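Me: I would like to go through this model with you and ask, for each description, what it rests on. Please set the values against their definitions as we go.

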Amino acid sequence: MTRDSMRRKYEPRKVAEQKVATSAMIASLAAEGYDTVSAPFGDALVAAAQQDDRIVGMSADLSKYTDMHVFANAMPDRFYQMGMAEQLLMSAASGMAREGFIPFATTYAVFASRRAYDFIAMAIAEENLPVKVVCALPGLTTGYGPSHQATEDLAIFRGLPNMVVIDPCDAADVAGMVPEIIAHDGPVYARLLRGKVPNVLTRHKPDYKFKLGRAQMIREGRDVLVISSGIMTMRALDTAEILARDNVDVAVLHVPTLKPLDVDTILDEARKSGRLVVTAENHTENGGLGEAVAKTLLLAGVTPQFRMISLPDQFLEAGALPTLHDMYGLSTTKVADQIKSWL
Amino acid sequence: MRDQSQTGKRANMSLAMRAWNIRRKALLMGEVQGQGYIGQALGVADVLATAYFHALDHRPDAPEWEGRDRFYLSIGHYAIALYSALIEAGVLPEDELETYGMDDSRMPMSGMASYTPGMEITGGSLGQGLGIAVGAALGLKRKGNPAFVYNLMSDGELGEGSTWEAVMSATQWRLDNLICIVDFNNQQADGPTRDALAVGAEAPKWTAFGWFAQEVDGNDLDALVAAFDAARLHPEPKPRVIICNTKMCKGVDFLEAREMAHFVRVAPEEWAKALNTLEEGKPQ
């Protein structure tokens with residue numbers, strides 16, 4: 001018996017029109033024209049650990065896919081392979097933190113936010129322990145389908161008291177957040193970009209440095225203010241260059257820390273009159289940056305024209321990542337189209 | 001320091017007094033609130049007496065002393081039992097007993113680390129303690145600290161998959177500084193534990209997973225002392241488990257006889273009767 005609500009996608013499909021042949025687990029996120037840095041998280045963690053004996057690395061059979069292998073190779077006696085057991089990974093990280101260490105626990109964002117949530121909540125966050133949960137494949141960054149697409153992770157961890165939540169844009173953010181989250185004496189959930197990670201922010205703002213809890217203007221503009229996090233800041237900056245050709249002047253405010261949210265900077269920028277305000281996030285429309293900004297604006301009585309770019313409230317398709325970003329409105333072209341349609 | 005010679009009859013008689021005192025304090029706290037996991041507290045009192053007054057190296061006036069043996073209460077529900085042991089041990093003052101479960105008390109109904117000195121972890125979401133203990137045991141080894149980590153869990157927690165993740169990891173890391181205590185009273189929320197998941201052959205199961213496993217009568221102090229000693233002194237680089245078969249409501253016969261229940265109901269007038277019954281069995 002099948003129900004209509006469970007309808008499958010069994011109809012045969014032709015391959016003739018297929019445009020993109022790859023649906024790799026770890027697809028390249030870099031738009032053309034950006035240089036990349038290899039494994040910025042792994043190198044930053046090693047550099048930090050050389051200065052701080054309390055840092056240990058832990059993973060649940062995904063060290064190679066979270067750039068933790070760089071740390072494991074450099075400091076094998078400080079790396080703990082916990083096996084394919086995410087609940088244990090988080091519990092054991094809690095135990096390590098109790099004994100004075102600062103564990104970096106890595107897995108995929110889907111597994112941390114779904115499978116291991118109760119363990120992060122009760123064994124780590126409830127006691128405000130300094131465990132740094134750093135997770136690859138955030139949002140829509142793989143074509144493997146819902147089992148690997150963490151489209152609701154930010155909503156989940158924003159709901160968790162004591163948790164700091166970070167959605168980095170590029171190599172500068174990923175490397176820069178490591179010392180900042182070590183300095184923060186409490187639990188952190190950070191999305192991770194791994195492998196070859198583009199350098200985006202310093203190209204647009206050469207003196208950019210990640211600062212925990214701070215939103216930063218990357219580009220000024222008179223017509224539109226895009227408030228974005230994660231890879232959507234890269235999309236926003238690329239979109240700004242495209243729209244500039246149409247004499248649309250787009251400002252980009254990058255908000256890599258979703259919690260605590262830099263309310264003051266967001267309000268200061270949103271209060272500048274006349275600009276369309278657009279949030280952009282690699283995350284479901286529910287419970288992420290867009291809703292956080294909307295709440296911030298409403299509570300302060302700031303009511304610009306407001307739109308959200310986000311993923312739909314759906315389990316997403318499998319396929320090649322560029323195809324999927326086009327399909328769900330996260331590609332530069334689609335971001336530009338959406339903003340133009342709202343002007 | 002532990003004194004290995006203190007395992008004779010006299011010491012055990014003293015432990016019997018400690019266990020009796022733990023039971024009495026638990027009943028007094030239950031009376032304060034008119035409820036509590038009293039059946040479990042009475043059942044596990046001998047295990048806690050053996051832990052706190054024979055096995056554990058700890059300093060009542062310094063519950064966070066770095067050299068202490070860690071004692072994790074994975075079953076936060078058993079807080080009433082651990083509070084009793086902590087009061088008996090002098091970690092908590094006796095006069096706070098009357099605040100149990102009250103607003104602003106340091107002794108809430110479920111055990112939480114941030115509330116209570118000597119409560120090492122926040123338990124209650126079952127199946128978490130053993131995994132935390134694995135991490136702490138790894139951390140202690142990393143520091144060269146010879147302390148043990150004890151994790152007290154319930155038989156119901158054997159149904160949580162996370163327990164078995166931790167069981168395998170403890171073997172993988174040869175955690176000979178980890179001692180797991182399973183309070184097997186065969187009673188979980190919906191009925192007998194043995195009727196819920198395929199629980200059985202407990203010691204052989206843990207042994208097969210690579211642990212040094214013992215199964216004892218958890219209401220027999222001599223057996224408990226021997227098992228705790230064997231767990232601490234076992235020479236193999238393996239984690240250790242003591243499966244303690246306990247009897248719910250032990251020491252208060254009219255409650256023992258009551259139909260087995262996860263949350264034993266005690267009528268208001270019965271608390272005094274229970275204390276009187278316990279008094280009759282006071283060790284000499």
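Reply: Domain bounds here come from an automatic or database domain assignment, and for chain A that assignment gives domain 1 (36-198) and domain 2 (207-342). This is a predicted model, in which local features need pLDDT of at least 70 and side-chain atom pairs count only at pLDDT 80 or more, whereas totals for chains, interfaces and linings use all residues. Residues are numbered from 1 along each chain as its sequence is written, while chains are lettered from A and ligands numbered from 1 in the order in which they are written.

Me: How do you know that domain 1 of chain A and domain 2 of chain A are in contact?

Reply: Two residues are in contact if their C-beta atoms, placed from the backbone, lie within 7 Å, and by that criterion 30 residues of domain 1 of chain A touch 32 residues of domain 2 of chain A. On the domain 1 side, helix 7 of chain A gives the largest share, six residues, where helices (H or I, at least four residues) are DSSP runs numbered from the N terminus.

Me: What makes the radius of gyration of chain A agree with that of a compact globule?

Reply: The radius is taken over C-alpha atoms, and the globule rule is 2.2 Å times the number of residues to the power 0.38; for 343 residues this gives a value near 20 Å, and chain A has 20 Å, so the two agree.

Me: What share of the residues of chain A counts as buried, and why?

Reply: A residue is called buried because 20 or more other C-beta atoms, placed from the backbone, lie within 10 Å of its own, and 52% of the 343 residues of chain A count as such.

Notes: Helices (H or I, at least four residues) and strands (E, at least two) are DSSP runs, numbered from the N terminus. A residue is buried if 20 or more other C-beta atoms lie within 10 Å of its own, exposed if 12 or fewer, and partly exposed in between; C-beta atoms are placed from the backbone.
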